[in-house]
Amino acid sequence: MSDDQKHYERKLMFEHPVFEQLCQQAMKDAQKMRNDDLAYSLMALVKLGVSQRSRVVQTLMRVIQEHLNDFDEKSLSVLANCLNDMDSDKNADALKAGLRLLVETQIPKIKNVVALQTMMRCIGKDAPVSLKRKLEHKALSMLSQFSLPNSQYMFTTLAAMDFNSSTLLDACSSKIIGNNCNIYYWRQAHRVCHLPQSFYSRQEKIILESGIHAPLITSLRLRWGARPTIVLFLGLFGDLGLRHAGLMDAFAEKVTETSESLTLRDVINILKSYSLLNHLPKDQKQQFLESLSSVFETYLPKILPTELLRGVYSFCVLGCFPQASLDKLLQEEILNELLLPDQKTHGANERILHYINLCLELDHSASTTAATVTSAKPSFSPSMTVNPIVLSALKRSLGDEVCQQGVLLQSDYFIDFQITLDKDRKIVLQSQSEENIQTEDFQRVAVLCAPVSAFCLGTTHPKGKLAMKIRHLTAIGYSVVLVPAQEFEKLQDDEQVQFLKNRIFAEPEPAMAAINQGI
């Protein structure tokens, strides 16, 4: 049912002349009810949306507290499920505390996986680690009973407990991967893609090893009717940061062949995914972009300003500048609407316009309209914190006074460390000596420390925003050294020094430009 339909159905029940009488009878007979009837009655009232402060709900909770020690596994499971949907109050908190104590004594008696997982979810993030460990050991002892849905559900169950059990997650991952042919792959991907960031290694393992992308590519090649499913998956993969080149290349080929059937929503979502993941097909880059821009421009007469803004931004991130779309965006009434001070999206729109402006100035300098995208200085400021581990490694590599820390450029791009080399890239120059040297006689090196979130999952392939930054720094004369912070911190001290020296003193790789373009 839709939310409106649910609300209407509940309203009919609440207004029924017998409903109040039923609640009165429930309060009267509460002491006589069996334990499972108490649990199911409370759950029914909560699911119906009866106020938690109502007499009937509070009465049932007090009676349940009195009989809690006599609840069996099934009744405890129903109660735990019910408490998950209840707000904090005196009786609810007392029930949760009592349930935690009871669960600890009942663990050896639990025989049902669903009941175990329900109780695991109910104890919550604040439960003692000792209790979480006991539940983990119980789950491991029941692994042979786990069905495929049980294995999937264990990921979100552990997330609800805020407990990252490597052993249990690895066992569940193996079961999911081994049974991939028996699962609806879109459900699997959707569940895995929405886990907390602390579970990313498991996300990567399941998605990359289970081959959930294979049915997508197959269905794509068999019929273009699978397009909505593929677009949905590209969105999920974009949220996760998973760049599957095979799927994206195959889909780009289909888009190029039959772009006229794409809706505006399709085009915007496709642009968002490809720009976010910094990917363009190897052999049909120009054809793919031209197909998308051609379809996008057919919707210009009726497009909303926010849709236009996000579409043009995605094109710019990919290094494409459709003139008709840019002309539409640059119209005064469009810009005024996007920058209305009372809009919730004012700040976000301002940032996006700033980056579009940079793209037009640095990537598309031939454009005569580059400077008119936005005249106002954006009100946001980037993080100014530098990575202390990389700083220490740079000092060991080059000395204490040879790099500038935390350089903020006029474009608002932040450079963690700036180093100046002679034109042959062999000698490090003191930063203060640059003023007396001709520009062509030295080379500025920008060392960028990027977090794991700036790369596509499981790779060092930069996402769109980082790739755009590298492209722009290169355009204004910098040689960019990219340091994946998480991987760098795992290196030994001597390995860190060697890593930095190899990249700082090496000639810029020709492939870097291609990588930045997502090829």
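## Cores and rings

The largest nonpolar core of this predicted model has 69 residues. Those with the most contacts inside it are I270, Y274, L292, F296, L329, I356 and L473. A nonpolar core is a set of buried Ala, Val, Leu, Ile, Met, Phe, Trp, Tyr and Cys residues joined through side-chain atoms within 4.5 Å. Buried means under 20% relative accessible area, exposed over 50%, partly exposed in between (1.4 Å probe, protein chains only).

Take L292. Beyond its neighbours within four places in sequence, L292 touches V255, L262, V267, I270, L271 and F315 (contact: heavy atoms within 4.5 Å). Another core lies apart, with 56 residues, including L38, L42, V103 and M120.

Now the rings. The structure holds five aromatic pairs. Rings of Phe, Tyr and Trp (its six-membered ring) pair if their centres lie within 6.5 Å; planes under 30 degrees apart are stacked, over 60 edge-to-face, the rest tilted. Two of the pairs are tabled here.

| Pair | Centre to centre | Angle between planes | Type |
|---|---|---|---|
| F14 and F19 | 5.4 Å | 55° | tilted |
| Y355 and Y413 | 6.4 Å | 35° | tilted |

F14 is partly exposed because its relative accessibility is 35%. F19, at 15%, counts as buried. Y355 is buried at 12%, and Y413 is buried at 6%. Y355 sits in helix α21 (residues 346-362), and Y413 in the loop between β1 (403-408) and β2 (414-422). They are 58 residues apart, so this pair links distant parts of the chain. Helices (H or I, at least four residues) and strands (E, at least two) are DSSP runs, numbered from the N terminus.

Residues are numbered from 1 along each chain as its sequence is written. Local features need pLDDT of at least 70, side-chain atom pairs count only at pLDDT 80 or more, totals for chains, interfaces and linings use all residues, and side-chain values use heavy atoms, leaving out hydrogens and water.
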